[in-house]
Amino acid sequence: MASLTKIMTLLLSYHLLQKYGESPEILTFTVNKVAACINGTHSGLREGDQVTVLDLFYGLMLPSGNDCALALAYGFGNLIVKRKKKKAIDGTPISPMKEFIKEMNKLAIKLSLKNTHYVNPHGLSEKGNRSTAADLGKLASVAIQIPLIEKIVSTKCYSTFVTDIRGNQRKLEWHNTNKLLDKGFSGIKTGTTPNAGPCLSSLLRSGNEGVIVTLLNCKTLDHRWSEAEKLAQWALNNICSMKEKLESLSSGTNPPFKISTRIIAGLCKQH
């Protein structure tokens, strides 16, 4: 699922903020060497940087910063260990990263993501980090209902100042990797690795209706945009058509038929 993993990293981090009564604008984490030196997509953080959780959220979702994913996992992992008052056994230190990933999998179970399992918070190829288009669509539908998350993933450009290890500030500017934001879509996340192929989860709304399209292993990076547009328009057209038919059938009945929200998950395979 590549960097679509970061949807869970963001959602869990948000839940932990609520659980511990912390503010994303105030709570600050220090970037460690592991996070600063991670491979793949990067937001430009350096070892020793002091970054607010809110800024880490934007760095996680816009440029798809693997450094931000690790900074959040280590930061919240340390909070989990501290709040649970966990102690080392036989002198072996408790891993904040493992605690965070454990919570990711607990939340996946709670959300009934039956074919999803996490082994890292960023989505770089690693055995055991897996999901399906349907599960990821369900996860995205939960995350996008949170106003802060929808605001973040719908933002095209974001700039901030971070404080380095010497107390100096420098400006960072991030641009969203999702090209569909220019075509009326809202977020949610792009991703690509050699094993997962080009991936995308995105939301398109029309009036009171909305569909989430999730694509895994697309033929090319650019195919994500055109395929998502086609699937979203097809889904919205069918939803509106079905809604009209159901409303017509329910006219004069008591109670009327209930029109439920629908999630469309598309799996795009390479040929």
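Which residues is Met-8 in contact with, leaving aside its neighbours within four places in sequence? Met-104, Leu-107, Ala-108, Leu-111, Leu-113, Tyr-118 and Leu-139. Contact here means heavy atoms within 4.5 Å.

Some ground rules. This is a predicted model, where local features need pLDDT of at least 70, side-chain atom pairs count only at pLDDT 80 or more, and totals for chains, interfaces and linings use all residues. Residues are numbered from 1 along each chain as its sequence is written, and side-chain values use heavy atoms, with hydrogens and water left out.

Confidence next. pLDDT is the predictor's confidence in each residue, from 0 to 100. The protein's mean is 89, and 87% of its residues reach 70 or more. One stretch to treat separately is residues 255-271, where pLDDT stays under 50. For that stretch the model has 43 contacts beyond four places in sequence.

Back to Met-8. It belongs to the largest nonpolar core, which has 66 residues. A nonpolar core is a set of buried Ala, Val, Leu, Ile, Met, Phe, Trp, Tyr and Cys residues joined through side-chain atoms within 4.5 Å. Buried means under 20% relative accessible area, exposed means over 50%, and partly exposed is in between, with a 1.4 Å probe and protein chains only. Met-8, Phe-76 and Leu-139 have the most contacts inside this core. There is a second, separate core of 14 residues. Among them are Phe-185, Leu-204, Val-211 and Leu-215.

Now helix H6, residues 133-143. Helices (H or I, at least four residues) and strands (E, at least two) are DSSP runs, numbered from the N terminus. Eight of the 11 residues of H6 are buried, so the helix is largely enclosed by the rest of the structure. Leu-139 is one of those buried residues, and so is Asp-135. What covers them? The cover over the buried residues of H6 includes helix H1 (5-20), H7, E5, E6 and E7.

At 22% relative accessibility, Val-119 is partly exposed. Its C-alpha atom is 5.2 Å from that of Asn-129, 10 residues apart along the chain. Beyond four places in sequence, Val-119 touches Ile-101, Glu-126, Lys-127, Gly-128 and Asn-129.

On to the strands. Two strands pair if DSSP finds at least two bridges between them. E6 and E7 pair in the antiparallel sense over seven bridges. Leu-204 has Val-211 in E7 as its bridge partner. The E6 and E7 hairpin has two residues between the strands, and Gly-207 takes a positive phi near 65 degrees there. Strand E7, residues 209-215, is mostly covered, with six of its seven residues buried.

E3 and E4 also pair in the antiparallel sense, over seven bridges. Here Cys-157 has His-175 in E4 as its bridge partner. This hairpin has five residues between the strands, and Gly-167 takes a positive phi near 90 degrees. Look at the two faces of E4. Arg-170, Leu-172 and Trp-174 make the covered face. Gln-169, Lys-171, Glu-173 and His-175 make the uncovered one. In a regular strand the side chains alternate between the two faces of the sheet.

Last topic: salt bridges. How many salt bridges does the count come to? Seven. The rule asks for a side-chain nitrogen of Lys or Arg within 4 Å of a carboxyl oxygen of Asp or Glu.

First, Glu-150 and Arg-205, at 2.4 Å from N to O. Glu-150 lies in helix H7 (residues 147-153) and Arg-205 in strand E6 (residues 197-206), so this pair ties together parts that are 55 residues apart in sequence. Arg-205 is partly exposed, at 43% relative accessibility.

Next, Asp-182 and Lys-156, at 2.9 Å from N to O. Asp-182 is in the loop between E4 and E5, and Lys-156 is in the loop between H7 and E3, so this pair ties together parts that are 26 residues apart in sequence. Asp-182 is exposed at 61%, while Lys-156 is partly exposed at 45%.

Then Glu-99 and Lys-102, whose closest N and O atoms are 3.5 Å apart. Both lie in helix H5 (residues 96-110), three residues apart, about one turn of the helix. An α-helix has 3.6 residues a turn, so residues three or four places apart point the same way. Is Glu-99 buried or exposed? Glu-99 is buried, at 5% relative accessible area. Lys-102 is partly exposed, at 37%.
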